[in-house]
Amino acid sequence: MKYILAPLLLSLFLCSASAYATPVLQLQGDKPVVINNAATSMEGYDIEVNWVKDYKGIPSKELRYCTVGQDSAQKYGVPQGVYFFDNESKQVGFIDFEYAEFCADVRLSPDESIIAVDSGMSLDRDWTFYSAPDMKKIGSVSYFSPPERPDLFWIRQDSIIYDKSTDMETQRSCGYDPCGPISVETYSFKTGKTQTLFSGTDLCDYYIADANTKTGDYEVDKLCQPTVKAWFDFPSDESAIRMKGSLNQ
């Protein structure tokens with residue numbers, strides 16, 4: 001990983017240094033500090049510093065980030081967004097991100113040419129994608145983040161597979177969570193379009209369970225109830241049917 005991340009870190013640093021010379025953020029330990037003539041701690045704003053994750057969802061241990069929301073941005077005179085730091089605690093990148101305070105995750109594509117930034121206040125969330133190292137927005141998708149289930153799989157650097165809370169008329173009642181049918185979708189970075197692999201219904205939900213990044217093979221769990229009313233007692237994963245497919249078919 002360190003040999004792959006090195007060019008990315010250097011490129012991020014060169015891009016950020018020219019665009020955001022002052023003020024900038026650096027880290028002192030695990031706390032962000034504003035560097036603008038004098039160091040000013042942002043400790044009082046509960047800003048967490050986290051590891052950027054690789055395409056498998058594993059912390060990279062070489063690239064960290066923190067998010068600065070609107071309140072902190074106004075107080076300290078720094079842009080609102082997502083800040084990236086190297087292992088020496090220096091700022092090496094920045095994304096101007098309107099929903100920074102709601103960001104809970106940042107991930108890299110398999111070849112580290114795309115950065116995925118999460119945001120949202122519920123199980124229905126968004127991924128916003130940026131090309132690296134220029135940090136240009138290249139797309140976004142809304143996704144459903146089920147508890148204790150995977151929420152994103154990369155297929156090479158071409159596309160992703162994820163769960164989606166289906167926007168459709170449903171006879172389901174909101175006495176449970178999720179409230180509507182769950183589908184499995186793909187998003188292509190080449191075309192900028194989404195495709196539904198499995199469409200949820202009043203009786204059945206579909207969840208992505210696993211995917212092979214190199215081959216495009218995937219596994220999906222089909223979770224059904226005999227009646228709409230039965231969704232009030234949300235079924236366990238033990239009743240799911242595992243199905244297999246491939247994006248190369």
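**View 1. Tryptophan 127 is buried, with 0% relative accessibility.** Buried residues have under 20% relative accessible area, exposed ones over 50% and partly exposed ones fall in between, using a 1.4 Å probe and protein chains only. This is a predicted model, so to speak of its local features a pLDDT of at least 70 is needed, side-chain atom pairs count only at pLDDT 80 or more, and totals for chains, interfaces and linings use all residues. Residues are numbered from 1 along each chain as its sequence is written, and side-chain values use heavy atoms, leaving out hydrogens and water. Eleven aromatic pairs turn up across the whole structure. In one of them, tryptophan 127 is stacked with tyrosine 143, at 5.1 Å centre to centre and 20° between the planes. This pair links distant parts of the chain, from tryptophan 127 in strand S10 (residues 124-131) to tyrosine 143 in strand S11 (residues 136-144), 16 residues apart. Rings of Phe, Tyr and Trp (its six-membered ring) pair if their centres lie within 6.5 Å; planes under 30 degrees apart are stacked, over 60 edge-to-face, and the rest tilted. Strands are DSSP runs of E with at least two residues, numbered from the N terminus. Tyrosine 143 also counts as buried, because its relative accessibility is 3%.

View 2. Phenylalanine 198 is buried at a relative accessible area of 18%, and tyrosine 218 is buried at 8%.

**View 3. Phe129, Trp154, Tyr187 and Phe189 are linked by ring pairs into a cluster.** Tyr187 can be followed into the sheet as well: in S14, tyrosine 187 stands opposite isoleucine 160.

**View 4. Arginine 64 places its charged end over the ring of tryptophan 51, 5.3 Å from the ring centre.** Lysine 75 does likewise with tyrosine 76, its charged end sitting 5.6 Å from the centre of the ring. A charge sits over a ring if NZ of Lys or CZ of Arg is within 6 Å of the ring centre and within 35 degrees of the ring normal.

**View 5. Cysteine 204 and cysteine 224 are joined by a disulfide, with 2.0 Å from S to S.** The two cysteines link distant parts of the chain, since cysteine 204 lies in strand S16 (residues 204-211) and cysteine 224 in strand S17, 20 residues apart. The structure holds one disulfide (a pair of cysteine sulfur atoms within 2.5 Å). The torsion about the S-S bond of cysteine 204 and cysteine 224 is about 110°, so this disulfide is right-handed. Cysteine 204 is buried at a relative accessible area of 12%, whereas cysteine 224 is partly exposed at 28%. Elsewhere, cysteine 66 is buried at 0% relative accessibility, and cysteine 103 is buried at 12%.

View 6. Two strands pair if DSSP finds at least two bridges between them.

Technical notes
Helix = DSSP H or I, 4+ residues; strand = E, 2+ residues; numbered from the N terminus.
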